[in-house]
Amino acid sequence: MVRSPIPPWLMIVLSIGGLVVALGVYGILSARQTAINETQSVLPGIKGMGEGFTKIRAPQGTESNPKPSWLWQDTKASVTRLFAGTAIGVVASIVIGILMGSYRWIEAPLAPIISFMAKIPPTAMLPLYMIAFGTSTNLFIAMVALGIFFSMAQSVFQATRQDVTQEAIQKAYTLGASDMEIIFEIIWPQIMPRILENIRLQIGPAMVFLIAAEVLFADVGFGYRIRMESRLLRMNTVYWYLALLGGFGLLLDWLMLKLRQYLAPWFQG
Amino acid sequence: MDSLVIENVSHWYGETRVLNDINLRIEAGQIVAVVGPSGCGKSTLLKAILGTHPTNEGTIKADGIPVTGPSRHVGMVYQHYSLYDFLTAEDNVALGLKLDETSLPYRWFAWPAWHKKRKEHLERAREYLRRVNLQDAAKRYPSGLSGGMRQRVAIAQAMILKPKILLLDEPFGALDEATREDLQIMLLQFYQENLRAKAEGRVPEYTMLFVTHELNEALYVADRVIGLSRFHSDGHLGATVVYDRPCPIFKPEDPRDFSRLLEQKEELRNAVFDPDYIKHHSEYVSFWDEIALEAANLKAN
């Protein structure tokens with residue numbers, strides 16, 4: 001029957017089973033490929049993956065000019081870009097979204113532009129951002145920030161309008177609130193968990209925009225390394241990077257969820 | 001001692017006149033019920049008193065101050081949306097003190113002083129929760145409260161600022177019958193406190209105007225019933241006050257004997273709800289005359 005529950009032990013066995021099957025299928029494919037070509041690097045086995053891991057952690061540069069490992073360089077570059085971009089995009093969209101939801105004379109000029117811009121696929125705007133910001137770190141930060149800004153400003157605006165009822169605002173005035181207090185004491189706490197939820201959902205797109213920009217324009221970072229290594233079919237490093245991206249995404253997702261539960265225990269969906 | 005004075009208030013939306021020439025004077029300590037056919041403008045009147053819909057004509061004064069927008073002098077309890085989800089019961093009640101007595105810069109920059117004040121606010125909030133019999137629910141969020149408990153918190157929240165008048169828009173309309181009776185009795189207790197205050201020469205604390213669609217509730221809880229309707233000789237101009245009379249006063253411990261109300265209920269049906277009974281609008285508007293007569297009788301005896 002649809003949605004009928006299963007016992008917890010079966011749940012656990014099945015979820016481990018899924019993982020085992022996926023790894024098993026990969027193992028078989030990898031072994032067959034190795035049988036055909038012993039030096040294949042498209043479906044590396046355990047040994048190949050081990051070599052890849054050593055490689056991404058090996059120090060780079062020369063003895064006179066040492067550089068940290070690829071993993072360290074790329075993580076530092078990509079994480080900085082991702083966090084700076086997300087932070088700027090999120091803060092800007094919160095400020096603009098709340099102001100639009102609070103004042104009609106701010107909504108009127110901005111709403112048409114923002115709904116139009118939100119419809120353009122952000123990655124299609126890359127050439128424009130390149131002209132505006134060059135190919136320095138700023139480009140990647142701008143790509144992430146602007147990529148999430150337009151759609152998130154729209155959701156913050158919607159939340160401000162819909163999650164905060166007219167009654168809630170009028171009541172606050174009868175309790176002696178000023179306009180600023182309405183924004184900081186009524187609107188902000190009411191929509192804060194919704195915003196955290198939004199940030200959580202925007203982490204995925206933010207990573208898409210960052211990787212796309214890095215694949216095209218970067219000389220360091222996850223997107224750059226994946227492109228360079230996959231050109232040479234050195235998939236043992238590429239797979240490590242992909243796994244790290246997946247793990248990183250899951251971790252951020254979980255952290256945002258915990259943060260929301262901690263800051264807004266009252267929030268239900 | 002007039003908490004609310006409404007003079008010659010008319011209101012219209014576009015071509016449709018809703019309210020016509022409303023005159024009303026409510027004294028501190030009265031608990032007034034407003035009844036009327038649906039769509040007669042009860043909500044419009046409440047919004048006008050609240051100040052969110054300024055009237056087209058006439059003036060409304062709360063405690064002598066003209067109403068120009070929602071302010072701390074007029075409290076409000078809605079049927080729904082009555083509490084802030086993100087605050088616990090005690091924080092909801094303390095919100096008025098926070099917003100009214102302190103400012104954002106004060107709370108942000110003078111936080112040691114604010115911290116101290118906050119404690120006192122929460123104490124006062126818990127005192128008000130005691131008044132509505134909810135002292136045990138202080139730390140709970142609205143999502144964990146029943147409908148009746150939420151309305152109790154909402155009433156405490158609105159009362160803590162001691163508004164000149166508290167408006168309640170069908171406050172118990174969404175509650176089950178047992179809960180509704182409990183809350184009605186709570187209002188009767190407030191009324192008894194008003195009487196005590198008056199007897200001791202203090203200004204009574206609870207002045208309320210509540211809209212209801214239940215005539216029994218209106219006559220049982222209130223000490224004065226106002227009927228709003230357009231079934232009168234100038235009805236084409238809009239609804240006005242067509243009924244304004246005192247009604248029986250129940251004590252909280254009195255049996256809920258609604259047979260005492262039958263006669264007046266019939267009169268209300270006739271005067272306010274019967275479209276075929278057209279009369280001059282002032283035929284049943286006699287509250288202040290009856291009060292004066294009663295006072296004269298008391299003196300004579």
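Where in chain B is Glu170(B) found?

**View 1. The loop that holds Glu170(B) in the predicted model.** Glu170(B) is found between strand 7 (165-169) and helix 6 (177-199) of chain B, in the loop that links the two. Its phi is near 40°, a positive value in a residue other than glycine. Glu170(B) has 19 other C-beta atoms within 10 Å and is therefore partly exposed, since burial needs 20 or more.

**View 2. Asp21(B) in strand 2 of chain B.** Strand 2 covers residues 16-27 of chain B and includes Asp21(B). Although Asp21(B) is not a glycine, it has a positive phi of about 50°. Asp21(B) counts as partly exposed because it has 16 C-beta neighbours inside 10 Å.

View 3. Helix 4 (residues 111-131) has 21 residues. From its first C-alpha to its last it reaches 30 Å, close to the 30 Å expected at 1.5 Å a residue. Just after helix 4 of chain B, Asn133(B) takes a positive phi of about 60°.

**View 4. Helix 9 of chain A and what it packs against.** Helix 9 spans residues 222-231 of chain A, and its buried residues are Phe222(A), Gly223(A), Tyr224(A), Arg225(A), Ile226(A) and Glu229(A). These buried residues pack against helix 3 (70-102), helix 8 and helix 10 (235-263) of chain A.

**View 5. The side of chain A that touches chain B.** In this view, 20 residues of chain A are in contact with 21 residues of chain B. Helix 7 (166-174) and helix 8 (179-217) of chain A each supply at least two residues of the side that touches chain B. The largest share, 7 residues, comes from helix 7 of chain A. By type, the residues on this side of chain A divide into 10 nonpolar, 6 polar and 4 charged.

**View 6. The two domains of chain A.** Chain A is divided into domain 1 (8-40) and domain 2 (70-263). The C-alpha centres of these domains of chain A lie 35 Å apart.

Notes. Residues numbered from 1 in each chain as written. Chains lettered and ligands numbered in written order. Predicted model: local features only at pLDDT ≥ 70, side-chain atom pairs only at ≥ 80, totals over all residues. Contact = placed C-beta atoms within 7 Å. Helix = DSSP H or I, 4+ residues; strand = E, 2+ residues; numbered from the N terminus. Nonpolar A, V, L, I, M, F, W, Y, C, P; charged D, E, K, R; others polar. Domains from an automatic or database assignment. Buried ≥ 20, exposed ≤ 12 C-beta atoms within 10 Å, placed from the backbone. Expected span 1.5 Å × (residues − 1).
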